Amino acid sequence: MIIDGKAVAERIRKEIAAEVEQMVQQHNLRPGLATVLVGTDPASQTYVSMKRKACAEAGIESFGHELSADSSQDYVLGVVRELNADPRVHGILVQLPLPKHIDEEAILNAISIQKDVDGFHPLNIGRLSMKGRDPLFMPCTPLGCMVLLEEVGAKFDGANAVVLGRSNIVGLPAAMMLLKRNATVSIVHSRSKDPAAMCREADILIAAVGRPHMVKGDWIKPGALVIDVGVNRIDDPSRKSGYRLVGDVDYEAAKDVAGAITPVPGGVGPMTIAMLLQNTLRAAKMTLPVNA
Ligand code: NAP
């Protein structure tokens with residue numbers, strides 16, 4: 001089964017748009033997302049503009065803050081604090097990576113946890129990692145992976161889950177989410193001894209390493225659910241652009257073995273923005289009086 005992330009994301013975005021409209025009608029409250037972009041990195045500019053466009057389509061107001069690459073850390077902190085205090089802003093997204101002279105941790109720490117729609121605040125990550133605690137928000141890309149797994153009826157309880165990669169934005173929170181759902185979780189990273197053998201044990205496999213086609217067809221346990229987060233450019237002279245995007249999994253070989261698998265593109269990618277909108281709606285809901 002091919003997991004159509006694009007279709008799932010579109011459905012979720014429509015549901016969010018309907019809920020936003022209802023919130024405006026019933027409570028005169030329109031969710032708002034502030035984006036903070038420091039510098040002019042073209043990829044970051046593209047991501048931010050995609051997020052703002054998605055907000056507009058869902059009826060969520062967005063407030064763009066574009067700061068020059070040489071902005072001081074204090075200045076960026078000042079912007080975040082102003083946004084924390086602004087009642088029109090329910091979610092704050094600081095686009096990463098930040099320029100080298102800015103301490104990412106200090107900036108993420110400064111975001112109010114009630115507005116931490118990226119889910120990267122240490123308190124939210126800490127709660128995600130602790131038994132019996134729940135974060136207010138979870139990071140969007142791994143959350144999107146979990147939604148796709150639910151879509152195909154994944155049974156998490158007691159399943160062997162393997163996550164390839166341990167980054168703060170994808171691998172590590174994905175592993176924590178699987179653990180919260182009572183999977184038995186292994187994490188493969190660059191020092192792991194035998195990634196292939198570990199992957200072959202996986203009922204659920206999430207690959208987030210950024211290595212094109214690292215996961216071969218014979219690494220997949222027959223019937224496993226495979227979520228490919230990787231987005232890698234490889235040369236393709238047959239394309240006008242000269243390249244194409246592939247995942248961390250050798251899709252052609254894996255699709256015949258896996259029970260279900262996400263393609264690249266069109267799998268996890270579209271889910272990230274859908275989850276950001278969902279988190280922003282949730283942040284706005286949290287400001288309503290109880291029982292509203
Ligand atoms: P990252 O920060 O570079 O982390 C990569 C992880 O993979 C690290 O934990 C690294 O291990 C591990 N790794 C690298 N080479 C390995 C190897 N040969 N064997 C085993 N583990 C290895 O990357 P990221 O930000 O998590 O992103 C991962 C991929 O997902 C990228 O292709 C990225 O473009 C994509 N991505 C997609 C979305 C989306 O679709 N919305 C969002 C975010 C990222 P160490 O920790 O030991 O170095």
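These legends describe close-up views of a pocket and a ligand site in a predicted model.

In this model, local features need pLDDT of at least 70 and side-chain atom pairs count only at pLDDT 80 or more, while totals for chains, interfaces and linings use all residues. Residues are numbered from 1 along each chain as its sequence is written, and side-chain values use heavy atoms, without hydrogens and water.

**View 1. The largest pocket and its lining.** A pocket is an open set of points on a 1 Å grid over the protein atoms alone, where a 1.4 Å probe fits, with protein on both sides within 12 Å along at least five of seven lines; lining residues have an atom within 4 Å of a point. The lining of the largest pocket comprises 49 residues, and Tyr 47, Thr 141, Val 231, Gly 269 and Thr 272 lie nearest the centre. By class, 28 of the lining residues are nonpolar, 10 polar and 11 charged (Ala, Val, Leu, Ile, Met, Phe, Trp, Tyr, Cys and Pro count as nonpolar, Asp, Glu, Lys and Arg as charged, and the others, Gly among them, as polar).

**View 2. Residues around the ligand.** The ligand has 19 residues around it, of which Arg 166, Ser 167, Ser 190, Arg 211 and Thr 272 come nearest; each has a heavy atom within 4 Å of the ligand. This shell holds 7 nonpolar, 10 polar and 2 charged residues.

View 3. A polar side-chain atom of Ser 167 is 2.5 Å from a ligand oxygen atom. For Val 231, a backbone N or O atom lies 3.0 Å from an oxygen atom of the ligand. The side chain of Thr 272 has an N or O atom 2.7 Å from a ligand nitrogen atom.

Notes:
Polar contact = N/O pair within 3.5 Å; in protein donor to acceptor, adjacent residues only side chain to side chain.
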